[in-house]
Amino acid sequence: MATTATVHSHAAPQGFIRKYVFSLDHKVIGLQYYFLALVAVFVGMFLSLLMRIHMIWPAAILPLVGEIKPETYLQLMTMHGTIMVFFVLTTAPQSGFGNYFLPIQIGAPDMAFPVLNMLSFWTTFVAFVLMLAAFFVTGGAPLHGWTGYAPLSALQSAGPGEQLGADLWIISIAVFCIASLMGALNFITTTLDLRAKGMTMFRMPLTCWAWFITAILGLLAFGVLLSAGILLLLDRNLGTSFYVPLVVVNGQIMAHKGGSPLLWQHLFWFFGHPEVYIAILPGMGVASQVLSTFARKPIFGYKAMVYAIMAIGFLGFMVWGHHMFMSGMSPYSAFAFSIMTMAIGVPSAIKTFNWLGTLHKGRIRFQTPMLFAIGFVSLFVSGGLSGPFLAQPVLDIPLHDTAFVPAHFHLIMGVAAIFGIFAATYYWFPKMFGRMMNETWGRIHFFITLAGTYSIFMPMHYLGMAGQPRRYSQFTELAYLQHLIPLNTFITYAAFITIAAQFIFLFNLFWSMFKGPKASDNPWEATTLEWTTSTPPPHDNFGGHTPVVNHGPYEYSVPGAPKDYVMQTDPAGVSAH
Amino acid sequence: MMSLTPTIPVKDPELGHGGSGAHPPVADGGGDGGRDNGSPDYGGRLRRARLGIITALVAIVMVFVGLTSAYVVRRGLPSLDEKTSTYVRDWIPVNLPTGLLLVNTLLLLVSSITAELARRQITRQAALAPVESIPGVSIGYERNFPWLGTTVVLGLGFLTGQWMAWRELADRGFYMATNASSSFVYLLTAAHAVHLAGGMLALLYAAMTSLLKRPVEARRIVIDITVWYWHFMALLWIYIFGLLEFMR
C-alpha cells in the first residue's frame, strides 16, 4: 500500500499522448520496446534474406537495393548484425519483457524511476532512427560489420558507407549505450528496493534473476563500449590516432600514426562478450519459468539455477579474448581465455541439466509457450556444443573466418534468444492483451520455425568445415566451393520458408490482440505474481493493494495442496514448503 | 543515516503461522516515514535515489575504466616509423600546467565541502519541517547560507581553470591530435568536465526547486544525491590528475 502511494505518485494518465506515447507506465514502456524490436527484427530479417538470395544468385537485381556489389553485401551484413544484436536481442527480452513483468513479478507498482524509464525508451528509439538513417545518407550504411573493427571503421576514406553512415552508426550505438545504462540502473534499483513484502531474493522467479543479472552485465559492459565509441568518433573526426596505425589507403599515407586496432578489439569485446549473455540470459529465465509451469513441477535446482546465472554473468567478463585468437595474441593469453571460456560450459551444463530434470516425469502440457521453451533448450544445446570447439585456439584459427562461426552464434545467441522471445510472447500474451493467442497457428509457427532454423544453421557448420569463408559476398565462382552450391541453395530456400512462417506469427499476434478468445486471469495455472492480478493488469499493477508473498515461485504439484499449484500469494501453510 | 541495502523485512516462511492469510502488520524498511497519513514516502524515495546514484556511478566508473585501459595500453605501445621502418616509442609525455591544476583541484575540493554543507543544511531543514508545520511552533530564524550557490560558483571556477589549462597546453603546441598523450589529456579532462557540468545542472535544478516551493523532503533528495555525485566527481578528478601527472 505504502509503495503504491509513493513510487506510483503519477496517477493513471488520461490523454492519448501521456497514456501511449510518453507514458510513465512500465507496462506501456515494455510494449513500446517490444514493438520497436518487432519492427527491427523484420528489418534485420529482410536484410538477411537479401544476403541469402545474393549468395546463390549473385547477379540478381534485388528489390529496394538493386544490384548487390561486394560493398552492398557488407553493408547488409553490418546492418543486419547491428540491428539484430542491439535492437532485437538486447531490446525485446530485457527491456521489453523485463520492463513489463519485472515490477509485476516482484510485486511493485512500477519501476523505481518511471521518468528515467520513459527517457530510456525514447533514447533507444532515437538510437534506432539514427541507425536506420545510415541507410539513406551519402555512401549508405557502413561496411565494417557489427563489430566495427578499426581501422576500417576509423577512416572516412576506407570505403563507401564509411563517411556519414559510419558516424551515424557509432552515434546510434553510443546513444543506445546511454539508454541501456539508464535501463540497467532502473532494473537494479527496482529489484533491490521494490520487492513486495515476503518476496525475498530467493523467492523471485528465475526470470527476475535473469533480468537482474543481465542489468548488472549491461551496467558494466555498456560504459566500456561507450568509451570505445567516443575514441572511434574522435579518430574519425578529430584526427586522433587511438586505433589507427600508420596506414595507406588507396596509395595515400594517412595522417594517423601509432594507434592500435587491437585496442578497439579489446574494448569492443570486453563489451561484446557480456552482450552475448545480455541477449541469452533473459531467454534462460523465460525458459525456466515456462518449463516449470507447463511441466507442472518445481524448477529442478532453483538455487543452482540462480548461481549458474551468476556464474555465467561473472565468467562472461573474463573470456572476451576468445574472439581475438586470430589477432596474434600471446599463446599464454589465448590459453587463459580458452580455459575460462570452456569453464562457462559448467554453469551452462548445470542449467541444461536442470531444465531436463524439470521435464523429467513432469505432467507436460504441450502448449505453444512450452514448445518454444523446449525449442530454446534444444537450440541452446545444439548451438552451445560448438562453443568448446571454437574456444580452443587451435581449432578457432582454421574455423574463425568460415561459416562455422555464424552457424554457432546464430543457433545459440540468435535463434535460441528469439525462441526465448517467442516463448515469452505466447506465455505472457494473455496477461498483456487480455486475450489468448491461437494455439493451432502457434504450433504451426513453432514447427516450421524449429525445422527451418535447424535447416538454415546446421548445414552452415559443414560449410564452415568445408572452408566456405564468411563475409564473402560471392563465392560461386570459386572452384573449391562449387560442390557447396546445392547446400547453400537449400539454406536459402529454408530461409524463405522460415521467414514466411514469421508472418504467421505476426498475423496471430495482431489477430489475437483483437479477436482472440478472452483470457482468464491465470490461463496457464501459474504461480507467480503477474497471474494474481487482473488481465490486463491495472495501472498500478495490483489495483490499490500490495501483494504479500508467502511462497517460492515454482510450487507445483505440492503434496497436500488443494490444487496442483500454490500461488506465491496463497496463505502460508498451504504447502509443506 | 538511511541504510543503503534493501531492508524489506521478511517473515520466515518456515515460521509462518498456519493459515495466517490476513495481512500481517506492515513493517517497512529503513525509515519510511509518513506512510499512513497518505503523504509520499520520502524515506523510501531517498533510499532508492541513493541506490540509483550509486548504480549510475558504477556505470561512470566503467566508462573511465575503459578510457584508462586505453590510456595504459596506448602508452606502452610502440609505433612504426615510416622513415626507418623500425618500431619507435612515439609517446610524448605532456607536461601539465601543474600549478594551475593544483589550484583547480583545491577549488573542487572546497566545492565538495560547500556541497556537503548544503546537504547537511537541507537534511536539517527536512528533519525540522514536521515540527515547523505545527501551528504556533517556531524554531526561530535560521541563517541559511547559500551553500548550493557557492558550490556552483566554485564548480564554474574549476571549469574555467580547466579551460585555462587547455589554453596553456595549446599555447605550448599540444592539441587534441598532436600526440596520443595529448589526445588522452584532452579526452580525460573533457570527459570529466562534461560529467561535472551535468552535476552543476543538477545543482541548479536543486536550487530552482527551492524557488518553486517544492516540499523540503523532495528538494532534500535531489540535493542529497547530487552532492554524492559531486563528491564522486572530486574523487574522479583527483584520480585523473594523478593518472596524467604520474603516468605521463
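Domain bounds, as used in this tour, come from an automatic or database domain assignment. The structure on display is a predicted model.

**Stop 1: the domains of chain A**

Colour chain A by its assigned domains: domain 1 covers 1-7 + 24-259, domain 2 covers 270-502, and domain 3 covers 516-577. Next, display domain 1 and domain 3 of chain A together. Their C-alpha centres are 35 Å apart, and the contact between them involves 18 residues of domain 1 of chain A and 17 residues of domain 3 of chain A. On the domain 1 side, select α1 (2-7) and α5 (91-105) of chain A, each of which supplies at least two residues of the side that touches domain 3 of chain A. The most is given by α5(A), with 4 residues. By class, this side of domain 1 of chain A comprises 9 nonpolar, 5 polar and 4 charged residues.

**Stop 2: a helix pair in chain A**

Select helix α9 (residues 261-295) of chain A and helix α12 (residues 345-359) of chain A. The two axes come within 9 Å and cross at roughly 15°. Angles under 35 degrees count as roughly parallel, and α9(A) and α12(A) are therefore roughly parallel to each other. Their crossing is left-handed. Show side chains next: from α9(A), take Met284(A), Ala287(A), Leu291(A), Ser292(A) and Ala295(A), which meet Lys351(A), Trp355(A), Thr358(A) and Leu359(A) of α12(A). This contact has 6 nonpolar, 2 polar and 1 charged residues. For viewing the pair, recall that an α-helix has 3.6 residues a turn, so residues three or four places apart point the same way.

**Stop 3: backbone exceptions in chain A**

Most residues other than glycine have a negative phi, and most peptide bonds are trans.

- Centre on Pro151(A), in the loop between α6 (114-133) and α7 (164-193) of chain A. The peptide bond from Ala150(A) to Pro151(A) is cis, with omega near 5°.
- Move to Pro536(A), in the segment after α18 (485-515) of chain A. Here the bond from Thr535(A) to Pro536(A) is cis, with omega near -15°.
- Select Asn250(A), in the loop between β3 (248-249) and β4 (252-253) of chain A. Although not a glycine, Asn250(A) has a positive phi of about 50°.

**Stop 4: a helix in chain B**

Finally, select helix α4 (residues 180-211) of chain B. From first C-alpha to last, its 32 residues reach 47 Å, close to the 46 Å expected at 1.5 Å a residue. Beyond α4(B), select Lys213(B), which follows the helix and has a positive phi, near 60°.

Terms used: Residues are numbered from 1 along each chain as its sequence is written. Chains are lettered from A and ligands numbered from 1 in the order in which they are written. This is a predicted model: local features need pLDDT of at least 70, side-chain atom pairs count only at pLDDT 80 or more; totals for chains, interfaces and linings use all residues. Axes are lines fitted to C-alpha atoms, for helices over the stretch in contact, and angles run from 0 to 180 degrees between N-to-C directions. Angles under 35 degrees count as roughly parallel, over 145 as roughly antiparallel, 65 to 115 as roughly perpendicular and the rest as oblique. A crossing is left-handed if the near helix is turned anticlockwise from the far one by less than a right angle, and right-handed if clockwise. Two residues are in contact if their C-beta atoms, placed from the backbone, lie within 7 Å. Ala, Val, Leu, Ile, Met, Phe, Trp, Tyr, Cys and Pro count as nonpolar, Asp, Glu, Lys and Arg as charged, and the others, Gly among them, as polar. The expected span of a helix is 1.5 Å times one less than its number of residues.
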